[in-house]
Amino acid sequence: MKFVAIVGTNSDRSTNRQLLHFMAKHFADQAEIEVLEIKDVPIFIQPEDKVAPQSVQVISQKIAEADGVIISTPEYDHSITAALKALLEWISYTDQVLMDKAVMIVGGSLGSLGTSRAQSHLRQILDSPELKARMMPGTEYYLSNSGQAFDENGQLVYPEKVSELENHFAEFVGFVQILNQLREQGQLTNRQDTNFSWEIG
């Protein structure tokens, strides 16, 4: 399988980036995971031609070619970052490439509460009319105290969190396989909402 993993921040020091790079190495025998940055994505400004900036088009193309998407989000003021929100706004307004795409959400936080509020908010956003991603239900992965979670080689040092992540990733792979089977059999409900419009919505 081929997945893309989106770093949900433009910070240079994010442990969410470390988490995704760890996943890419740790699960290399199960899937190809390409880590994508959003540093070059500009704030969303509604374009008259409905064409996204080149930086967004590159990410959208990689999403379209992937079997699934992993998003690692920090928590800023109980929500996701403005940078991640901008990417999702560009996608929702232009190619809507996340529609029906399988998404796994993870998150790391320097504090003890993880990124529970941000992940909950991200789920709501991804379920909005022109995003409508397919999110794996009932699975939440929070990496608390993430500043001490990785060694100098980028390895996750909490054995229980490694085990938990392995279980979640195995479930995600199965979730993607089920979605693919339903799609091939024509049993996956089309989530395209033709009644929604940015101009009147």
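Among contacts (heavy atoms within 4.5 Å) between residues at least 6 apart in sequence, 79% join residues at least 24 apart. This is a predicted model, where local features need pLDDT of at least 70, side-chain atom pairs count only at pLDDT 80 or more, and totals for chains, interfaces and linings use all residues. Residues are numbered from 1 along each chain as its sequence is written, and side-chain values use heavy atoms, with hydrogens and water left out.

Q: How many residues of helix 3 are buried?
A: Helix 3 covers residues 82-93, with helices being DSSP runs of H or I of at least four residues, numbered from the N terminus. Buried means under 20% relative accessible area with a 1.4 Å probe, counting protein chains only. Trp90 and Tyr93 are among the buried residues, and the cover includes strand 1, helix 2, strand 3 and helix 4. Of the twelve residues in helix 3, the number buried is nine.

Q: Is aspartate 49 buried or exposed?
A: Aspartate 49 sits in the loop between strand 2 (32-36) and helix 2 (54-65); strands are DSSP runs of E, at least two residues long. Exposed means over 50% relative accessible area. Because its relative accessibility is 54%, aspartate 49 counts as exposed.

Q: Which residue has its backbone nitrogen 3.1 Å from a polar atom of the side chain of aspartate 49?
A: Aspartate 49 and threonine 94 lie 9.5 Å apart, C-alpha to C-alpha, and 45 residues apart in sequence. The backbone nitrogen at 3.1 Å from the aspartate 49 side chain belongs to valine 51.

Note on methods
Polar contact = N/O pair within 3.5 Å; in protein donor to acceptor, adjacent residues only side chain to side chain. Expected span 1.5 Å × (residues − 1).
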